[in-house]
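Reader: I'd like to learn how to read the interface in a model like this one. Could you walk me through it?

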Number of protein chains: 2
Amino acid sequence: MSTACVIVIGNEILSGRTQDVNLNWLASQLNAVGVRLREARVIPDVPEIIIKTVNECRAVYDYVFTTGGIGPTHDDITSECISQAFGVPYERHKEAEALLVKHYSPDMLNEARLKMADMPRGATLIPNPVSTAPGYIIGNVYVMAGVPRIMQAMFDGIKHTLKGGKPVLSITISIFLTEGTIAKGLTEIQNRFSDVEIGSYPFVRNNKLGTSLVCRHTDSSLLEQVKGELISFITSLGGEPFIEDAA
Amino acid sequence: MSTACVIVIGNEILSGRTQDVNLNWLASQLNAVGVRLREARVIPDVPEIIIKTVNECRAVYDYVFTTGGIGPTHDDITSECISQAFGVPYERHKEAEALLVKHYSPDMLNEARLKMADMPRGATLIPNPVSTAPGYIIGNVYVMAGVPRIMQAMFDGIKHTLKGGKPVLSITISIFLTEGTIAKGLTEIQNRFSDVEIGSYPFVRNNKLGTSLVCRHTDSSLLEQVKGELISFITSLGGEPFIEDAA
């Protein structure tokens with residue numbers, strides 16, 4: 001199964017001004033196409049940090065997705081940094097330029113907007129059906145906008161090209177028993193089904209403490225087996241399991 | 001000014017099941033006490049990744065805050081990994097154990113719950129006023145729960161001990177002009193006030209496109225100066241600036 005890393009670029013996330021929502025959306029989407037998101041990094045608009053992070057991550061993961069920093073203003077430095085990370089010239093991309101020339105009226109097409117066509121040499125464009133200025137792919141790095149609606153449209157345009165595996169399915173079983181009560185039996189089930197990822201997450205609902213058990217695997221029949229085991233186990237403790245989503 | 005990194009530990013964030021909210025909250029809090037959050041990483045429940053990430057980050061930043069993985073179930077492996085990262089024994093912390101013994105009735109205090117007192121040797125406890133099982137500090141690493149309400153209570157208990165600097169103040173000026181229109185003049189102002197971080201963020205409100213300019217610095221009089229410059233500049237373009245938050 002191929003692996004991915006998301007790099008969220010932007011001071012506004014690290015200052016607390018903006019709640020990032022791109023990571024969560026990309027995580028679900030990647031999961032659905034069978035690409036395993038293994039890490040995410042949130043980094044500031046600092047050239048050396050962007051360059052270092054991109055180079056570290058592209059060496060480790062099959063896919064790297066960046067969000068943010070490809071607009072027209074002075075703090076949009078992602079493309080220049082990606083060029084440096086790849087050691088290629090940062091230059092005007094003719095095809096991207098043509099898109100901007102077509103989109104903007106001549107009095108609107110200033111140098112700042114044209115900067116959105118400056119990219120690392122060798123970039124392949126990712127269409128932007130929302131506001132034209134494209135993202136791009138270079139090597140295994142997918143460079144996308146930070147505005148969620150634009151980022152999502154960009155990802156939708158390329159996701160069919162990703163080499164994923166079987167999508168990871170999940171079953172969630174919830175109970176009004178606390179983690180400490182079920183931990184021992186749960187460990188035994190996890191040990192018997194070591195291939196299935198079983199996550200345990202406490203919750204509070206209607207002022208009652210409970211636990212959600214999330215089982216993840218590509219094989220739905222294996223998940224059904226684990227589900228059966230978990231239900232028997234929970235019932236044996238006097239709990240009433242309820243299924244929240246099925247594979 | 002001291003620097004910090006947040007490490008969010010948990011498969012549920014990377015699978016898209018859970019939207020992380022801890023990073024945003026910690027970012028605001030750290031900003032308010034004058035600690036600069038420079039990076040965040042989101043990593044899975046995989047021992048070698050946790051160990052490597054903790055060691056990388058604690059070598060680079062003044063403070064490292066981890067969230068997640070300190071509960072009683074099999075997937076709570078943070079403390080064992082932190083012990084390995086520091087090369088110290090993973091063992092029962094007497095003071096933490098005493099807290100759990102006091103909190104739970106004898107029939108509730110099983111081995112799984114006692115696991116929450118297993119920590120790296122040398123850990124200093126962080127109180128948990130919500131559900132007792134404590135977090136802890138080892139070296140410059142602050143290990144906290146993943147449940148937001150508990151994590152927040154833990155952080156509130158230790159934030160006065162952090163060696164911060166002056167809090168970073170911010171002024172946000174918004175306008176219904178797009179980034180491409182203001183980019184050039186904005187760059188000039190940024191160049192003249194290179195110490196002030198000026199971020200430019202597009203938005204859509206009432207179906208109208210606009211830009212928020214966020215100016216950040218510890219010095220309020222310097223921010224007032226930049227604000228004056230930005231207002232003159234925007235007004236000269238026919239825009240009507242409105243101030244969204246003041247220093």
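Author: Let's begin with how the copies are compared: they are superposed by least squares on the C-alpha atoms of residues with pLDDT of at least 70 in both. Keep in mind that this is a predicted model.

Reader: Okay, and what relates two copies in general?

Author: Two copies of a chain are related by a rotation about an axis and a shift along it. Here, a 180° rotation with 0.0 Å of shift along its axis puts chain B on chain A, with an RMSD of 0.0 Å. The two copies are therefore related as by a two-fold rotation axis.

Reader: Which residue of chain B comes closest to the rotation axis?

Author: That's B:R41, whose C-alpha lies 2.2 Å from the axis. As for the contact surface, the same one serves both copies, since 100% of the contact residues of chain B recur in chain A.

Reader: What happens at strand 2 of each chain?

Author: Strand 2 (residues 36–43) of chain A pairs with strand 2 of chain B in the antiparallel sense, over three bridges. A:R41 has B:R41 as its bridge partner there.

Reader: And how do I read the size of the interface?

Author: The size of an interface is often given as the accessible area lost when the parts come together. For chain B and chain A that comes to about 4,300 Å², with 51% of it on carbon and sulfur atoms. On the chain B side, helix 2 (22–32), helix 3 (47–60) and helix 8 (179–192) are among the elements that each supply at least two residues. By class, this side has 21 nonpolar, 20 polar and 13 charged residues. In terms of contacts, 54 residues of chain B meet 54 residues of chain A.

Reader: How do strand 10 and strand 11 of chain B pair?

Author: In the antiparallel sense, over nine bridges, with B:G199 opposite B:V214 in strand 11 of chain B. Strand 10 and strand 11 of chain B form a hairpin with two residues between them, and B:N206 in the turn has a positive phi of about 50°.

Definitions and conventions:
Residues numbered from 1 in each chain as written. Chains lettered and ligands numbered in written order. Predicted model: local features only at pLDDT ≥ 70, side-chain atom pairs only at ≥ 80, totals over all residues. Heavy atoms only, no water. Contact = heavy atoms within 4.5 Å. Buried area = accessible area lost by both parts, 1.4 Å probe. Helix = DSSP H or I, 4+ residues; strand = E, 2+ residues; numbered from the N terminus. Nonpolar A, V, L, I, M, F, W, Y, C, P; charged D, E, K, R; others polar. Pairing = 2+ DSSP bridges.
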